[in-house]
Structures are given as C-alpha cells and as structure tokens.
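Below are some numbered notes to read with the structure open beside you.

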Amino acid sequence: MPEILKIFDENYKQIGTKSRDEVHKQGYWHEVFHCWVLQKKEDEWLIYFQLRSKNKKDYPNQFDITAAGHLLATESVEDGVRELQEEIGLTVAFNDLTSLGVIQYVIDNKYIKDYEFANVFIYELQGSIEDFQLQIEELDGMFYGKLADFMELAKGLRENIQITGYQLDNNKKRYINKHVALTDMAALPQQYLHSFLSKLENKL
C-alpha cells in the first residue's frame, strides 16, 4: 500500500491527498515532522545527527535531523512523535517536546521535488548516546557535535566540524570521530538551516 499524504497550497491550506511518490514527483506541498535532539553538558549544548542508511533512496549516507518523517493523511502533528520511537528508540511524550514552529522550504532538483511544511521540535536528552536504539532499515549511525560549531558551519564561518558517535557495522557499533561539511548534509538546505538555527537561538 502506498503512503498517502495530505497536500496543501503554499499557504498551508489542505487541498487534497496524494501518494508519497506522486507528492515528490509533482512537487506538492506536504507536511513533515522534525525533532532535533539536544543535550547540555556543563555549559555547552550538543546536537545529535542521524546517519542515514546507505540503502536509503533519498540522501543515502548523509547526516540529517535526529528523527524525522512524513505525516500521513490520517495523522496529526502530534502523531509525529512516533518517529522518535521508530527511528531512534526513544519513548517520548509529545508534551516533552518544545516547538520551534513551522519552517516552509523547498528542495527541487533532478532527483526530487520536495516542497515541505516542516513542523520542527527539539527534545533535550537527559542520558547519553547509548540511549538510542536505531532502526537499522533507516539509520547507519548516530553522532553528536557542538551546537555552536554547527551554527558556524551553517553560517559559512567554517568549512567543517568534528562530530563524535558510532556507525553500525554488521549491527555492531564502531565508535569514531569524523569531520563533516555541509556537503555531508545534503538533506538540509541552507534555507531550512538558517530558519531552524535562528528559531533555536531565540528559544535557547
């Protein structure tokens, strides 16, 4: 059964439903759920990135939002909290999330026409990276970096940042440090990042 999504006009007014494939082929506006996991260690904020599976159709091997997904036609924004359980194994109540509002952005290239209304949230992790249980069909690893460094990267003030975490190798965790650039985060266009980080700075 194909996934059916709500479609909208550019003012976020629903105009119908379409299959996910049709949405990305024709460039219909649709809803997604984003949740960035943050953690405060001493006086410094960390931000977590998922490593998308090498087998994903869209953006394989790219670093992305901690947990995210499409909202189905039968779902509300609140239902999007399921993504944290499904993708990264965190059982979180919707009320535990902090909303950053809706970010409207576009990725339109030869591969995909992605016109999204992203309902963006943050969640503050109280434990450690070991609390994540990854959905191996979707993710190949979990990493974190300094939020301040990521902000500088998004603003073009540095070419790369160091992130720390693990990559799954035959379902075993291989712990590594990596240097990544914005080219390693192709699912996160500048239009989105600038809006997200501006909203995050205001919230923190």
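1. Let me begin with Arg-52, which is buried because its relative accessible area is 12%, below the 20% cut-off. This is a predicted model, so please take the values here as computed from its atoms. Arg-52 has a salt-bridge partner in Asp-64, with the closest N and O atoms 2.9 Å apart. The pair joins distant parts of the chain, as Arg-52 belongs to strand S4 and Asp-64 to strand S5 (residues 63-64), 12 residues apart. Is Asp-64 buried or exposed? At 7% relative accessibility, Asp-64 counts as buried.

2. Tyr-59 is worth a look next, in the loop between S4 and S5. Its relative accessible area is 17%, so Tyr-59 is buried. Which residues does Tyr-59 touch, leaving aside those up to four places away in sequence? They are Arg-52, Ile-107, Ile-112, Ala-186 and Ala-187. For Tyr-59 and Ala-186, 127 residues apart along the chain, the C-alpha atoms are separated by 6.8 Å.

3. Back to charges: a search of the whole structure gives 13 salt bridges. One of them brings together the side chains of Arg-82 and Glu-75, at 2.5 Å from N to O. Glu-75 counts as buried at 12% relative accessibility, whereas Arg-82, at 22%, counts as partly exposed. Both residues belong to a salt-bridge network that links Glu-75, Arg-82, Glu-83 and Glu-86.

4. Another salt bridge joins Glu-152 and Arg-158, whose closest N and O atoms are 3.3 Å apart. Glu-152 is partly exposed, with a relative accessible area of 33%. Arg-158 is also partly exposed, with a relative accessible area of 30%. A charge of another kind of contact is found at Lys-173, whose charged end sits over the ring of Tyr-166, 4.7 Å from the ring centre.

5. Now to the rings. A pair of aromatic rings is described by the distance of the centres and the angle of the planes. The search of the whole structure finds 17 aromatic pairs. In one of these, the ring centres of Phe-8 and Tyr-12 are 5.0 Å apart and the planes stand at 70°, so the pair is edge-to-face. Phe-8 also pairs with Phe-117: here the centres are 6.1 Å apart and the planes are at 75°, so this pair is edge-to-face. Phe-8 in strand S1 and Phe-117 in strand S8 are 109 residues apart, and the pair links distant parts of the chain. Both Phe-8 and Phe-117 are buried, with Phe-8 at 6% relative accessibility.

6. Please check the backbone at two positions. Most residues other than glycine have a negative phi. Tyr-12, though, has a positive phi, near 70°. This residue is found in the loop between strand S1 (4-8) and strand S2 (14-19), and at 27% relative accessibility Tyr-12 counts as partly exposed. Where does Asn-171 lie? Asn-171 is in the loop between strand S10 (161-169) and strand S11 (172-180), and its phi is also positive, near 65°. Asn-171 counts as exposed, at 58% relative accessibility.

7. Helix H4 (residues 190-203) passes a simple length check. At 1.5 Å a residue, its 14 residues should span 20 Å, and the end C-alpha atoms are 20 Å apart, which agrees. Which residues of H4 are buried? They are Tyr-192, Leu-193, Phe-196, Leu-197 and Leu-200. These residues cover an arc of only 115° around the axis, which puts them on the same side of H4. The spacing makes sense, because an α-helix has 3.6 residues a turn, so residues three or four places apart point the same way.

8. What covers the buried residues of H4? The cover includes strand S3 (29-41), strand S4 (44-52), strand S7 (98-108), strand S8 (113-124) and helix H3 (147-154).

Note on methods: Residues numbered from 1 in each chain as written. Predicted model: local features only at pLDDT ≥ 70, side-chain atom pairs only at ≥ 80, totals over all residues. Heavy atoms only, no water. Helix = DSSP H or I, 4+ residues; strand = E, 2+ residues; numbered from the N terminus. Expected span 1.5 Å × (residues − 1). Buried < 20%, exposed > 50% of the residue type's maximum accessible area, 1.4 Å probe, protein only. Arc of directions from axis to C-beta. Contact = heavy atoms within 4.5 Å. Salt bridge = Lys/Arg side-chain N within 4 Å of Asp/Glu carboxyl O. Phe/Tyr/Trp six-rings, centres within 6.5 Å; stacked < 30°, edge-to-face > 60°. Lys NZ or Arg CZ within 6 Å of the ring centre and 35° of its normal.
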